[in-house]
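Subject: A structure for you to look at

Hi,

Here is the structure I promised to pass on. Please open it alongside this email, and then read my notes with it on screen.

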Amino acid sequence: MADQKKGILNFGLLRRVFHYAAPYKKKFIISVALAIVLAVITPIRPMLIQLTVDKYIAHSLINMVILITIIQIGLILVETALRFTFSFITAWLGQAVVRDLRVAVYKKILGLNLSQFDRTPIGTLTTRTINDIESINNIFSDGLIPIIADLLSIICVLAYMFSRDWQLTLISLIPFSIMIIATYYFKESVKRSFFRVRNAVAALNAFVQEHLTGMQVVQAFAAEEKEFGKFKKINREHRNANISAIFAYSVFFPVVEIVLALSIGLIVWWTAKEALILHKDEQGTVVAFLLCLNLLFRPLRVIADKFNVLQMGIVASERVFKILDNKDFIKESDESAYAPESVKGKISFENVSFAYNDENYVLKNINFKVNAGETVAIVGHTGSGKTTIISLLNRLYQIQKGAIKIDDIKIEDYNLDILRRNVGVVLQDVFLFSGTVMDNITLRNPDIPKDKVIEASKLIGMHDFIMRLPGGYDFNVMERGATLSLGQRQLLSFIRALLYNPAILILDEATSSVDTESEQLIQRAIATLIKGRTSIIIAHRLSTIRKANMIIVIDKGEIKEMGNHDELMEKQGYYYKLYRLQFDQKFKVA
């Protein structure tokens with residue numbers, strides 16, 4: 001409701017929107033100039049008609065009537081051309097601003113901390129990036145500039161009417177009190193409906209996005225009918241909001257026609273009375289005023305609607321600017337940021353504490369060092385903070401306390417691109433984009449030649465499998481890699497990591513959800529990947545990390561033990577219990 005109270009008077013937001021029109025200043029000035037020209041020439045036709053009826057038709061000056069008619073036709077053609085140019089330029093201006101804003105918003109979204117995506121539904125961000133920004137276009141094409149043009153036209157027409165006959169003008173405007181009241185209620189009703197529609201669209205986008213992504217879970221738990229019921233409820237609200245707006249339009253436009261008819265009736269009554277009593281010759285004035293009323297009512301029919309469109313555009317801009325003003329983004333270092341040609345891979349965590357919500361710390365005073373070229377494994381129960389540690393290393397989240405260093409340099413001092421280029425991550429849940437195998441391996445980087453991709457595929461042991469796919473490296477893996485098994489997707493992500501040749505490699509639960517055969521392939525691939533580079537491996541299967549230089553045992557966000565496999569087994573502490581528990585379970589299953 002707070003947004004509604006701000007209404008169209010939030011000139012601060014308007015200034016910010018028009019700031020994006022600054023590069024197109026020339027076209028903006030042209031559109032304003034055209035609005036003024038169109039307003040000035042609007043009353044010329046009624047003036048010419050009044051002149052024709054009073055002076056030329058009454059005195060049978062046929063040549064002058066023909067001349068005025070030709071001028072009128074030329075004037076109509078000029079006005080039509082000007083209106084086309086005005087409409088095209090304002091729409092073009094709106095689309096140009098929309099393009100620039102959408103680029104700015106998407107760039108900002110790319111730089112937001114992951115915590116924002118944890119808290120904000122994807123469908124909501126989609127609505128902000130597409131629907132809300134599209135509404136900002138209406139500020140230009142149907143909003144402020146067209147409203148100014150309409151108001152100027154109304155002022156010019158009224159000026160002509162008052163100059164011609166101020167009494168008749170006042171008489172004809174008597175029904176406008178009804179028009180003002182109807183316009184106010186129409187504007188308020190449509191405004192409320194538009195807010196409902198906007199919120200319903202955001203809810204629909206969020207719901208559909210979430211459920212299409214999680215359709216496997218919906219179907220696996222036979223929740224189709226239940227979720228379908230939720231969808232129908234949200235969709236019903238969207239329909240009702242639109243019907244409410246339609247109802248307001250259905251009432252308003254007939255009221256406008258009634259007011260116009262009353263005004264015409266008053267003009268006829270007044271001029272007839274004047275003619276009978278005072279014997280005044282009012283034919284030309286009547287015809288001109290009737291045409292003027294149409295010129296007045298034409299913009300008045302839509303001006304309330306345009307005010308609502310303007311208001312909705314401003315509300316949408318407020319939502320968009322909330323994204324652009326979001327302070328929870330990854331702070332890039334300045335031009336003097338550390339950007340080495342190569343990274344050795346030494347890692348150190350020094351008294352690192354981290355909380356997702358700035359209150360409940362999920363990591364507490366984490367301290368460890370990994371020398372360049374070493375392999376460290378992190379183990380612990382689910383939810384202990386293992387994945388959080390690796391998410392901090394490439395600055396997906398910002399730490400609250402302590403320091404993380406690579407080669408003795410704080411990660412905040414690195415150029416972000418250089419940092420992330422040297423920290424390769426292979427996640428348990430591999431995300432593949434809709435596109436070819438080649439696109440997913442190279443991430444559509446045209447600078448990576450195909451022979452390098454093939455070489456990396458052979459090292460991982462995936463080349464033969466890829467060549468058996470229809471089209472080979474041009475095979476379309478579909479959205480999220482639906483046409484490939486989990487193990488195959490995992491191996492593709494290994495090729496990607498090897499191709500980018502990072503100095504530091506992170507493997508997050510890389511073998512936790514695959515079959516034995518795939519695990520063997522993955523283990524061979526891991527051996528290839530970690531050779532000669534610093535590696536951090538998170539694994540549930542403790543048998544896969546026995547050769548690690550160091551194993552870190554973490555529990556409830558705190559490091560409990562550190563050492564190699566043999567040392568930790570000798571201690572018979574946390575690691576020993578985890579290992580024995582897993583071994584005993586494996587033994588029982590066997």
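Predicted model: local features only at pLDDT ≥ 70, side-chain atom pairs only at ≥ 80, totals over all residues.

**Helices around H12**

Let me start with H12, which spans residues 283–324. Helix H9 (residues 176–213) packs with H12, their axes 10 Å apart and at an angle of about 30 degrees. Since angles under 35 degrees count as roughly parallel, H9 and H12 are therefore roughly parallel to each other. Their crossing is right-handed. From H9, the contact residues include Phe176, Met179, Phe186, Val190, Phe194 and Phe195, and H12 contributes, among others, Leu296, Phe297, Leu300, Phe307, Met312 and Val315. By class, the contact of H9 with H12 is made up of 13 nonpolar, 4 polar and 5 charged residues.

How does helix H2 (residues 11–19) cross H12? The axes of H2 and H12 come within 10 Å and cross at roughly 75 degrees, which makes H2 roughly perpendicular to H12. On the H2 side you will find Leu13, Leu14, Arg16 and Val17, and they meet Leu310, Ile314, Ser317, Glu318 and Phe321 in H12. The contact of H2 with H12 has 6 nonpolar, 1 polar and 2 charged residues.

**The four-stranded sheet**

Next, please look at the open sheet of 4 strands, with the order S2-S1-S4-S5 and antiparallel pairing. Strand S2 (361–370) and strand S5 (409–410) stand at the edges; each has a single partner strand, so one side of each is left without a neighbour in the sheet. S1 and S2 are joined by 6 bridges in the antiparallel sense, and Val352 stands opposite Ile366 in S2. Helix H13 (residues 386–393) packs on this sheet and touches S1, S2 and strand S4 (401–406). The direction of H13 makes about 115 degrees with that of S1.

Is strand S8 (residues 534–538) mostly covered or uncovered? It is mostly covered, with 5 of its 5 residues buried. Thr534, Ile536 and Ile538 lie on one side and Ser535 and Ile537 on the other, and both faces are covered. S8 pairs in the parallel sense with strand S3 (residues 375–379) over 4 bridges. Strand S7 (residues 504–508) also runs parallel to S8, joined by 5 bridges.

**Two single residues**

Asn137 is found in helix H7 (residues 122–164). With a relative accessible area of 8%, Asn137 is buried. Leaving aside residues up to four places away in sequence, Asn137 touches Ala91, Gly94, Gln95 and Val98.

Ala339 sits in the loop between H12 and strand S1 (347–355). At 47% relative accessibility, Ala339 counts as partly exposed. Ala339 touches Asn415 and Ile418, again not counting residues up to four places away in sequence. Ala339 and Ile418 are 79 residues apart along the chain, with their C-alpha atoms separated by 6.1 Å.

Do write back with any questions once you have had a look.

Best wishes

Conventions: Residues numbered from 1 in each chain as written. Heavy atoms only, no water. Helix = DSSP H or I, 4+ residues; strand = E, 2+ residues; numbered from the N terminus. Buried < 20%, exposed > 50% of the residue type's maximum accessible area, 1.4 Å probe, protein only. Contact = heavy atoms within 4.5 Å. Pairing = 2+ DSSP bridges. Axes fitted to C-alpha atoms, helices over the stretch in contact; angles between N-to-C directions. Parallel < 35°, antiparallel > 145°, perpendicular 65-115°, else oblique. Left-handed = near helix turned anticlockwise from the far one by under 90°. Nonpolar A, V, L, I, M, F, W, Y, C, P; charged D, E, K, R; others polar.
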